[in-house]
Amino acid sequence: MKRSLALGLCVSLLAMPVMATEKDTLKARQDRLSNELEESKKAQAETDAELEVTEAERDAVQTEILVVDDRLNDLSEQIAIQQHEVDTAREELEATRQQLSVQEEYLESQKELLNERLRVLQVHEDSSYLQVIFESRSFGDFVTRVMTARTIAEQDRELIHNYMSEMERLESLETTQRTQLSFIKQKERELVITKQDLDRTAEKKRDLLVELNEQVEQLELEKMTRSEEQAVMAEQNRIISEQLEAIATAEREAAEAAERAKREAEARAAEERARAEREAQEAETEVAAPEVTPPPASPAETPTNVSTSTGFVRPVSGYVSSPFGPRNNPLTGVPEIHKGIDLVNAPGTPIVASAPGVVIKAAPATGYGNVVFVSHVMNGEIWTTVYAHLDAITVGAGQQVAAGQTVGTLGNTGWSTGPHLHFELHRGKWAPGQPNAIDPAPYIGY
C-alpha cells in the first residue's frame, strides 16, 4: 500500500514538470504571436495611412482631369467657332476676289473707251471742243453743243475717278480680308496648339490616375489581407490561451491530487505505525504464541505512460496537380514558391479535417477563396492545416473537429484555375507569408 501511494504521488509530481514545459512552450509561442500581431497592426496602420494619402492624391487627380476635360471641351467649342469663322472669311474673300475679277473685266472694257477718248483729246487737244462749238448752226444749237462738250468732259473725269476709286476699294477690301483670314487662322492654330498641350496633360493625368487606382487597389488588397491575417492570429492566440488555461487547471488539479495523496500517505503511515505498535504490545503479552510472519506485500503495478499520435489523414483523394515548392504562378506566370499541394477531384467532393483540432477561420479570404483554417495540438506541438478554394464550408470558427470530419466541399473559388483543393500544412501557427509551411505530401501519404 505504501508503495502504491508513493508511486501515485511520484507520477503526479512527474506530470507537473511535463505540463510546465508544455506551458512554457505555448507561452513563448503566444508571446511571439502577440508580437507578430502587434507588428501586423502597425503595418496595417501604415498601410491605412498610405491608402488615405493615395486616395486623396487620386481624388485630386480626378478633379484635375475634370477641370482639364472642361477646358478641352471649351477649346473644342472655340476651335469649332474659329473654324466656322475661317470658313466664312474664306468664303467672303473668295466672293471679293470674284467681285474684283468681274469689276476688273468691266473696268478693263471701260479702260479701252477711256484710252480712246484720251487719245482723241491728246491729238485734237482743246480745238475739238472749239470746233464742235463753232460748227453750231444756231444759238440754241451752240448752247446744246457747249453743254454736251462739258458733259462729255465731266463723264471722262468721273469715269477715271470711279475706276480708281473702285480699284482702291476692292484692293483695300481684299487686303483687309486677307489680314482678317490670317488673324483667324493664327488664332485657330494657337487654340489647336493649346488643345494639343492639354490633350498631352490630360493623357498624363489619366496615366497617373490609372497608376494611382492600381496603388489603391493594391493597398486595399493588402489592408484586407492584413485584416484576415490578424483575425487568424487572434484566433490562434485565443486557442493558445485556452490551452494555457487548461494546462494551468491541470497543474492545479495535479497539485491538489499530490497534496491529497501526500496527506493520505501520511495518514496511512501513521495508522500503520499505530497498528505496528499495537501488534508489538500484543506480541510481548503473548510469549507462547507462535511467531507469525506477515505475507510479503505484493509488488505494485507500474503504470505505463503511453503517448499515441493520431497522425494526419488525407483531406481528399485525387491526384497532385501542383506539388509543394518552386513553380510559375498559373495566373500570372511569375515564379513563386507554392506553399502547399493541389489535389484534384470532382467539384463537390467532401473535404475532411486532416487531424483533430479547432477551426480558427471558416470564411472567404483573399486568394484562398472559401477557406478553412484548423489549429491542432499534437504531442504538445502546434500544427495548422489550411483547406482552400472550397465550393462550400460546413464548419464554423471555434468549432472542434475530429480527424476525417467534413469541413467543406471541393471547389474553384479564389485565385484558382480549376476545381481542386489547395492544402497547406504548417509546423506551428499560420503566419503572414507562410514561413512555417512544409511539404504536406509525406504526412498524408503522397
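## Contacts and the main core

Contact here means heavy atoms within 4.5 Å. By that rule, and leaving aside neighbours within four places in sequence, L421 touches P315, V316, I341, D342, L343, I351, Y387, A388, L390 and L410. This is a predicted model, where local features need pLDDT of at least 70, side-chain atom pairs count only at pLDDT 80 or more, and totals for chains, interfaces and linings use all residues. Residues are numbered from 1 along each chain as its sequence is written, and side-chain values use heavy atoms, with hydrogens and water left out.

L421 also shows up in the largest nonpolar core, a set of 23 residues where F312, I351, V372, Y387, V407 and L421 have the most contacts inside. A nonpolar core is a set of buried Ala, Val, Leu, Ile, Met, Phe, Trp, Tyr and Cys residues joined through side-chain atoms within 4.5 Å, with buried meaning under 20% relative accessible area (1.4 Å probe, protein chains only). At least two core residues come from each of β4 (341-344), β7 (369-378), β8 (381-393), β10 (406-410) and β11 (421-427); strands are DSSP runs of E, at least two residues, and helices are runs of H or I, at least four, numbered from the N terminus. Another core, of 11 residues, lies apart from it and includes V358, A365, Y368 and A388.

## The largest pocket

On a 1 Å grid over the protein atoms alone, a pocket is an open set of points with protein on both sides within 12 Å along at least five of seven lines; a cavity is a set where a 1.4 Å probe fits but cannot get out, and lining residues have an atom within 4 Å of a point. The largest pocket comes out at about 1,000 Å³, counting the space filled by probe spheres set on points joined across faces, edges and corners. Its lining runs to 41 residues, with E336, T366, G367, W415 and Q434 the closest to the centre. α3 gives the most to that lining, eight residues.

## The cavity

Q236, I239, I240, Q243, S375, I382, T384 and K429 line it. Both α3 and β8 give two or more residues to this lining.

Mean pLDDT (the predictor's confidence in each residue, from 0 to 100) is 77, and 76% of residues reach 70 or more. Residues 1-18 fall below 50, with 21 contacts beyond near neighbours in sequence. Where pLDDT is low, the predicted coordinates should not be read in detail.

How values were computed: Buried < 20%, exposed > 50% of the residue type's maximum accessible area, 1.4 Å probe, protein only.
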